[in-house]
Amino acid sequence: MDYIKRIRTLREDNDYTQREVAALLNVGQRTYADYEYGKTRIPLESMIKLAKFYNVDMNYICGVSGVKVPFPNKKGK
């Protein structure tokens, strides 16, 4: 599963609308929809915000790992 499917699944599993997640990322709903459809690449800063928001690590949200590990909150620990 790549990040395009992963961000949509995370949003749906948490019962958020595209508009709500778009507001979190400070983009329009259409822009966020383009992220989910793979029409526009999602910026790294937005991916980090989503990982923090859903409390999953970047490996999970990017599709590298299938294991939901919490986002690391403390630097170096």
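In this predicted model, the side chains of Arg11 and Glu12 come together in a salt bridge, with an N to O distance of 3.9 Å. That distance counts because a salt bridge needs the side-chain nitrogen of Lys or Arg to be within 4 Å of a carboxyl oxygen of Asp or Glu. Arg11 has a relative accessible area of 9% and is therefore buried, the limit for that class being under 20%. Glu12, in contrast, is partly exposed, its relative accessible area being 39%.

Glu12 has another partner to meet. Its side chain also forms a salt bridge with the side chain of Arg8, at 2.9 Å from N to O. Arg8 and Glu12 both belong to helix H1, which covers residues 3–13. They are four residues apart in that helix, or about one turn. Arg8 is partly exposed, with 36% relative accessibility. The picture widens with Glu36, which is linked with Arg8, Arg11 and Glu12 in a network of salt bridges. Over the whole structure, the search finds four salt bridges.

A further pair can be followed in helix H3, which spans residues 29–37. Here Asp34 forms a salt bridge with Arg30, and the closest N and O atoms are 3.1 Å apart. Asp34 and Arg30 are also four residues apart, about one turn of the helix. Are these two residues buried or partly exposed? Asp34 is buried, at a relative accessible area of 17%, because the class takes in values under 20%. Arg30 is partly exposed, at 46% relative accessibility, because its value falls between the 20% limit and the 50% above which a residue is called exposed.

The two helices can now be viewed together. Two packed helices are described by the angle between their axes and the distance between the axes. For H1 and H3, the angle is about 125° and the axes lie 7 Å apart. The two helices are therefore oblique to each other, since angles of 65 to 115 degrees count as roughly perpendicular and those over 145 as roughly antiparallel.

Which residues bring H1 and H3 into contact? From H1 come Ile4, Ile7, Arg8 and Arg11, and they meet Tyr32, Tyr35, Glu36 and Tyr37 of H3. By class, this contact holds five nonpolar and three charged residues, with no polar ones. Arg8, Arg11 and Glu36 are among the residues of this contact, and these three also take part in the salt-bridge network with Glu12.

Methods. Residues are numbered from 1 along each chain as its sequence is written. This is a predicted model: local features need pLDDT of at least 70, side-chain atom pairs count only at pLDDT 80 or more; totals for chains, interfaces and linings use all residues. Side-chain values use heavy atoms; hydrogens and water are left out. Buried means under 20% relative accessible area, exposed over 50%, partly exposed in between (1.4 Å probe, protein chains only). Axes are lines fitted to C-alpha atoms, for helices over the stretch in contact, and angles run from 0 to 180 degrees between N-to-C directions. Angles under 35 degrees count as roughly parallel, over 145 as roughly antiparallel, 65 to 115 as roughly perpendicular and the rest as oblique. Contact means heavy atoms within 4.5 Å. Ala, Val, Leu, Ile, Met, Phe, Trp, Tyr, Cys and Pro count as nonpolar, Asp, Glu, Lys and Arg as charged, and the others, Gly among them, as polar.
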